[in-house]
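Please keep the sequence and the model in view while reading.

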Amino acid sequence: MLVPKVLYFSICRKILRNFVLFWYIIEINKVRVIGKGAGKRMTYSMEKLSEEKVFKDPVHRYVHVQDRAIWDLVGTKEFQRLRRIKQLGTTFLTFHGAEHSRFNHSLGVYEIVRRMIDDVFDGREEWNAGDRLLTLCAALLHDLGHGPFSHAFEKVFDFDHEDFTRAIILGDTEVNKVLNHVGPGFPEKVAEVIAKTSEKKLVVSMISSQIDADRMDYLQRDAYFTGVSYGQFDMERILRVMRPREEQVVIKKSGMHAVEDYIMSRYQMYWQVYFHPVSRSAEVILTKILHRAKQLFKENYAFKHEPHHFVSFFCENVTLEDYLKLDEAVILYYFQIWQEEDDSILRDLCCRFVNRNLFKYAEFDPAKEYKKLAQLNTLFIKAGIDPDYYLVVDSSSDLPYDFYRPGEEEERLPIHLLMENGELRELSRESEIVDAISGKRRTDHKLYYPADLLADESTGADIKSQIRDLLE
Ligand code: NI
């Protein structure tokens, strides 16, 4: 049957129209898809969450997150790992409340920096609004490389947590993926701020200087969780009087007394909390456990349970993957099972740590008492107590504030006051209180020993009594 000409044209037109429509829909969708991808890439650095997220915080009340990138960083497994690392290492054995983590502290530092920017710096000529996300990311991630019981660990295995912070930010990690999403070269910029090698001096000074968000958070947080009253100072006041300058954050002269209070609180916290002799005793034992385990491993000692997590540390070929697997839960697990080891030193030290049966201590002056130390060493050997593990000198030292001393091993940027006439003056020139402690390093040495073993007179009673006489 012949199709009438009119109908034939009508069908052709329909097919053509449908084809055009179909093609149009495909193209429109392509544009949408491309647009979505490109838009995301272009604006991820500026993307805000549809609703602000808040973390309840005992120190700052709330930690506010509006930026998508910050929220994504908090969710990475490398950042979540910080929940399993305590902020104050062995201090919980002295101040039982000190169980807070590096996760808490990192969020706190982020929040202080966010408030500096959003509440005080924003809109000021000297502040570059383009540095906001860089500063927030560096604040959040500044302690990312801390390992379990950092201090003792770094001593025994001879590495620096700052190298691991850098490795996590730049390596094949979830954190690196988020930072890369912000823009090419962004992970490197964040790492440079944390390493203090960035040319953005103002940004660096907000996170690490003699008055920075890091210290302002840990002083208040550690005071809160230990329950001491020393670490308190008026941070609200300090934030209000901070002003951005090209090289660093400066403080308006009217805020000087709040800064004095902050410096004194730091001074007090160091001696009352951070260098507490009992926490140091626990740290001495922890260090010796790690030394002993490493020594036994090198001697091919047959552990009842293979210390898998430690092997690359003992062999000094730690990969980033090994490092990230080790947290305080893992370490404490090994201390538990090592209480059943055949090696009496490892077993004893682990029992001491787990059950808080710590070493006692005596004041010690290394300059005057080195002969006494040599004598004690000999007597310990005679008594059958290995002095390498049971007679330990531990030193702590702090410099609460220092003015600028060019060429010194640790050059510190001093705190500058912004005077009413616009001049800058170094803090200790204006403040008598700060001047009194400026540049004064205080060092404290203690000698640690196991009083219980020395009191046990079932063996070597005579020698042990000589040791006790020397120690007392
Ligand atoms: Ni910190």
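A residue is called buried when its relative accessible area is under 20%, exposed when it is over 50%, and partly exposed in between, with a 1.4 Å probe and protein chains only. Of the 472 residues of the protein chain, 50% count as buried by this definition. The model is a predicted one, in which local features need pLDDT of at least 70 and side-chain atom pairs count only at pLDDT 80 or more, while totals for chains, interfaces and linings use all residues. Residues are numbered from 1 along each chain as its sequence is written, and side-chain values use heavy atoms, with hydrogens and water left out.

The secondary structure comprises 24 helices and nine strands; these are DSSP runs numbered from the N terminus, with helices being H or I of at least four residues and strands being E of at least two. Contact means heavy atoms within 4.5 Å. Among the contacts in the protein chain with a separation of 6 or more, 70% come from residues 24 or more positions apart. The protein chain exposes about 24100 Å², of which carbon and sulfur atoms supply 51%.

Charged side chains form the next topic. Side chains of opposite charge can pair when their charged atoms come close. A salt bridge is defined here as a side-chain nitrogen of Lys or Arg within 4 Å of a carboxyl oxygen of Asp or Glu, and the count by this rule comes to 32.

Lys-304 and Asp-342 form a salt bridge with closest N and O atoms 3.6 Å apart. This pair joins the loop between α14 (277-298) and α15 (311-314), where Lys-304 lies, to the loop between α17 (328-337) and α18 (344-355), where Asp-342 lies, 38 residues apart. Lys-304 is partly exposed at 49%, whereas Asp-342 is exposed at 56%.

The side chains of Lys-446 and Glu-363 also meet in a salt bridge, at 3.0 Å from N to O. Here the link runs between distant parts of the chain, from strand β9 (residues 442-449), which holds Lys-446, to strand β5 (residues 360-363), which holds Glu-363, 83 residues apart. Lys-446 is buried, with a relative accessible area of 6%, but Glu-363 is exposed at 54%. Salt bridges also link Lys-48, Asp-67, Glu-111, Arg-114, Asp-118 and Arg-132 in a network.

Phi of Arg-61 is near 70°; Arg-61 is located in strand β2 (residues 61-67) and is exposed, with a relative accessible area of 55%. Phi of Asp-158 is near 55°. Asp-158 lies in the loop between α6 (150-157) and α7 (161-170) and is exposed at 68%.

Terms used: Areas by Shrake-Rupley, 256 points an atom, 1.4 Å probe, with all protein chains shown as cover.
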